[in-house]
Amino acid sequence: MVSAAPPTLDAGPGPARTSARQWTAVAVLSLATFVVVTSEMLPVGVLTPMAEGLAISTGTTGFSLTVTGLVTAVTAPAVPRLLGTVDRRLVLAVAMVVLAAGNALTAISGGFPLLLVSRVVLGLGMGAVWGLAAAVAPRLVTARHAATAVSFAVSGVAAASVAGVPLGTLIGNAFGWRAAFAALAVAAVVLAAALLAALPPLPPVPQPAGPAATGTSERLLRVPMVATGLVLIALLVTAHFAAYTYVRPVLEERTGLAPGPIAALLLVYGVFGLAGNFAAGALAARRARATVASLAAGIGAAIALLAAFGGTAWVTVAGIALWGLAYGGLSVAGQFWMTRLAPHRAEHITGLYVGVFTAAIALGALAGGTLVEASGVTAVLWTAAAGALTALTIAATRRR
């Protein structure tokens, strides 16, 4: 079940059959990324009641995403170099237990100090799981299905928006926001056991000697195309999360929606996000940079629609759908782009990519919170749209 070397994402003819057991392992890994990202993003769906329950402002509550993102940004790139010969299956299981502890602490938080601690713990677990998932996924299947396995593993990120955040929002509306985090803690423990049962032993892949072995994180950053791609991803993710972290206040203030319709709109966002994940995965397997550029255009257009016409119901629905479609494909498309640039250093390039991605989440949540407190939600939307346009400009002008 475990390949001796990382398969390429566009493997040609080879053994065609991947067993049901192997696909089960991929599915469990996808569920792990689903719970990880749901845990990170759930404050978006319960931001208002969570702020009220902790007696802090919505902007301060949104900063909790910044904390998680910063910790994950440090953890993800460090994981490959710190693990040594440790079985990656064991690492993933332990990381899910750490994630469960973070969610449990969030559920019992009585104020911002314990919330801060809980989000630090959450970031440690998240950095390990997300940082390894895309590198591990191709090892679970035959080379012919490596790209599909990565798409499925990363689909947990989009699926978190489809089901995770909306379901958490519904649980929060019905039973309180603490119950939603408690449910995630239980799910993480169950998945820790499932990872141990479903995944094969995953020792580290031997790294090539010579020039190919120079792909440490620091040296990868000196490769111009890698640096350009990471800057572009950082801009896009920062812009997205500056706006998306505060999407509930946006929908409450500009569209006047109640909690029930907001949960339904988040579900629309998620459904289109999942579709975007698989569509972008298929396109990025052939033309990764062009796919990312198209997604940047979609994100910018969607946020601009909400900023300009967010008071109109049908425009809001269309904008949310386009936003989900475009952003849903970003994680997998960016992952394909980065992995192609360093195919023999999958763990290092994935860790670096996830580190930049989650640091951008942190920066976006921080910038959005600062703008919300200072200028309101409309200013956040226009600033985010400008950031997406800047990323699109970089993608369109840097061909080599």
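Predicted model: local features only at pLDDT ≥ 70, side-chain atom pairs only at ≥ 80, totals over all residues.

**Aromatic pairs**

The model contains 9 aromatic pairs, where rings of Phe, Tyr and Trp (its six-membered ring) pair if their centres lie within 6.5 Å, with planes under 30 degrees apart counted as stacked, over 60 as edge-to-face and the rest as tilted. One of these is Trp 130 with Phe 357, edge-to-face at 5.2 Å centre to centre and 65° between the planes. Trp 130 belongs to helix 5 (residues 112–136) and Phe 357 to helix 15 (residues 346–375), so the pair links distant parts of the chain, 227 residues apart; helices here are DSSP runs of H or I, at least four residues, numbered from the N terminus. Trp 130 counts as buried at 6% relative accessibility, and Phe 357 is buried at 0%; buried means under 20% relative accessible area, with a 1.4 Å probe and protein chains only.

Next, Tyr 244 and Tyr 269 are stacked, 4.8 Å centre to centre with 20° between the planes. Tyr 244 is in helix 9 (residues 224–244) and Tyr 269 in helix 11 (residues 259–284), so this pair ties together parts 25 residues apart in sequence. Tyr 244 is buried at 3%, and Tyr 269 is also buried at 3%.

Residues are numbered from 1 along each chain as its sequence is written, and side-chain values use heavy atoms, leaving out hydrogens and water.

Definitions and conventions: Helix = DSSP H or I, 4+ residues; strand = E, 2+ residues; numbered from the N terminus. Buried < 20%, exposed > 50% of the residue type's maximum accessible area, 1.4 Å probe, protein only.
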